[in-house]
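Subject: Structure handover

Hello,

Here is the structure I said I would pass on. My notes on it follow below.

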Amino acid sequence: MKNVGRAILALLAAALVGGVAEDGGPSRRVVTRDGWRVIEADFHVHTRLSDGFLSPFEVVLHARRNGLDALAITEHNVTHPAWMARWFSRMIGGPTILVGEEVTTDRFHLIAIGLRERVSPYGDLGAIIDDVHRKGGVAIAAHPVARFWPAFDAVLDKLDGAELMHPLALGPRDRARRGWRWEEMRDFHLRATKRGYPLTPVGSSDYHFFQGLGVTRTLVLARDDSAEAILDAVRAGRTVVRDRDGNLHGNARAIAILTERPIAPAEQVESAGDRGYHPKGVVDHASRIAGWLGMLGVVAFPLARRRRGPPAEGSA
Amino acid sequence: MNGLDVSDDVRLLVHPFAHYGAMRDAPALDARRSAATRALRVMITLGLFVSLTTTGRVVPAHLFGAMLSWSFAPLVQSVAVLAVARIFALDSPRARVLDLYFAGHGPWLAFMWLGAGVVVLAPSPSAVFYFLLSNGVLPALLLAALAHGAVLNVAMFRRGLGLSRGRTAAATAVFYVFFAGQIVTYYLLNDTLQPQLGIR
């Protein structure tokens, strides 16, 4: 059994060494266009403190790995995970964290970013959006699928933006659940624009677990990478979102700037969530398999030598 | 199974009642240490699962970060199972109860290992996950893990701790009420559930 234990330890050690050596994302590039800093942002992110897998600290590290310049931590009806992430991010030098909240009710989900304090989820949507604005934030309709339209349609004049790109767009097109279809999000945005409310388009990953943080993201044209500058840009509509069909959405000037000299957003829609899963080479692949086999060892074999007492009295 | 010294989790996965009976007949000499080792096994598996499914690799930040941020899970489970032991006046020491309880996590450990395997081995993990999800395989596996976990809890109370049938049923029900109750309380305190239930 000693040999099995050593083998498990060796596998896990190899996996850790390989993981450390191969881990790391694109270095954060400073991209400017027409005097604006181009920020790659994800404004809808969850952590382990509600229904995600990663702690606020791990989310920050994962955002760096996935080449994001900014993200908003938006937990369901609370903001303390966002403050934790912001503290940690400042300690390690970014990315920029916006304190946010996903105001979550049975009638609508609303992304509030740039908050100074928590927003109560009780009351009607109009009053909640007013509260978001009072607390320094920006109000974005979260995944505005058809079931949420009645609530959002009533407050188009108050909303600052709407999610137009979301991982819902990346699933199999023919199997999308009715009432949770990406096309409904796109249609909501187009309809609002037609009615005279050009909501700032936002692409977010609604990240909960696995690899896909930032798999759908927003390009923001901001003065710099500070939270204030990013919020100003969202308020002014200086964002561009690429949808799953490659179409760009945003105000005409922002699209023109990014079309004139296109940037390659660190793999946006095309990767469909598999970006970080592809091994970089044989060593990387081998260390991953070592980790998985080591995991089997942890599950299947005793971690410590079994020391049993004598059979209990009266047992067979 | 006899030729290979596999973990109690695996043995319980295959023969829940028989192996809990065997564990009762030959208890660990140092139950406290044994329980801690078993809880550690669950945490390491969770850490590896989170790290592999997040990055495809074993990365210290996620391995240890997840072990820390998910540590609430064994804590909540411990509170629930110890409360049951108290209510039903089990004569087994607390460490012994925890030792038996943490031996019965096989279904979840297996589920996590399979999930991590998809990420490590599949050429396009997201396509595989979408397929498993849209065809009901993933939900079925989750349900199976839940159901098998419940069977293991029944086996633990019945054979591992020697409760009668009626008390086993009651202990299992109380365990789940306490376990789910703690999670629900957390979300209620955070105002997460009430607005989604239409409470204005």
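A:N77 is found in the loop between β3 (70-76) and α3 of chain A. Please keep in mind that the model is predicted. Although A:N77 is not a glycine, its phi is positive, at about 65°. Is A:N77 buried or exposed? With a relative accessibility of 0%, A:N77 counts as buried.

A:D34 is another residue that is not a glycine and has a positive phi, here about 55°. A:D34 belongs to the loop between β1 (31-33) and β2 of chain A. Its relative accessibility is 52%, so A:D34 counts as exposed, the cut-off being over 50%.

One peptide bond also deserves a note. A:G94 and A:P95 are joined by a cis peptide bond, with omega at about 10°. A:P95 sits in the loop between α3 (80-92) and β4 (96-104) of chain A. As background, most residues other than glycine have a negative phi, and most peptide bonds are trans.

On chain A as a whole: nine helices and 11 strands are found in chain A. Of the 316 residues in chain A, 58% are buried. If one takes the contacts in chain A between residues at least 6 apart in sequence, 68% of them join residues at least 24 apart.

Next, the interface. Two salt bridges are found across the interface of chain A and chain B. In a salt bridge between B:R57 and A:D284, the closest N and O atoms are 2.7 Å apart. Polar contacts across the interface of chain A and chain B come to 17 residue pairs, both residues being at pLDDT 80 or more.

In the pair A:F53 and A:F209, the ring centres are 4.9 Å apart and the planes are at 40°, so the pair is tilted. This pair links distant parts of the chain, 156 residues apart: A:F53 is in the loop between β2 (36-45) and α2 (56-65) of chain A, and A:F209 is in the loop between β8 (200-203) and β9 (218-222) of chain A. A:F53 is buried, at 17% relative accessible area, whereas A:F209 is partly exposed, at 39%.

A:F53 also forms a tilted aromatic pair with B:F49, at 5.9 Å centre to centre and 55° between the planes. This pair crosses between chains, since B:F49 lies in helix α3 (residues 31-55) of chain B. A:F53 and B:F49 are both buried. One aromatic cluster is formed by A:F53, A:F209, A:F210, B:F49, B:W70, B:F72 and B:F129.

Two arginines sit over rings. The charged end of A:R48 is over the ring of B:W70, 4.3 Å from its centre. A:R191 lies over the face of A:W149, 4.5 Å from the ring centre.

Regards

Methods
Residues are numbered from 1 along each chain as its sequence is written. Chains are lettered from A and ligands numbered from 1 in the order in which they are written. This is a predicted model: local features need pLDDT of at least 70, side-chain atom pairs count only at pLDDT 80 or more; totals for chains, interfaces and linings use all residues. Side-chain values use heavy atoms; hydrogens and water are left out. Rings of Phe, Tyr and Trp (its six-membered ring) pair if their centres lie within 6.5 Å; planes under 30 degrees apart count as stacked, over 60 as edge-to-face and the rest as tilted. Helices (H or I, at least four residues) and strands (E, at least two) are DSSP runs, numbered from the N terminus. Buried means under 20% relative accessible area, exposed over 50%, partly exposed in between (1.4 Å probe, protein chains only). A charge sits over a ring if NZ of Lys or CZ of Arg is within 6 Å of the ring centre and within 35 degrees of the ring normal. A salt bridge is a side-chain nitrogen of Lys or Arg within 4 Å of a carboxyl oxygen of Asp or Glu. A polar contact is a pair of N or O atoms within 3.5 Å; within protein, one must be able to donate a hydrogen and the other to accept it, and residues adjacent in sequence count only if both atoms are side-chain atoms. Contact means heavy atoms within 4.5 Å.
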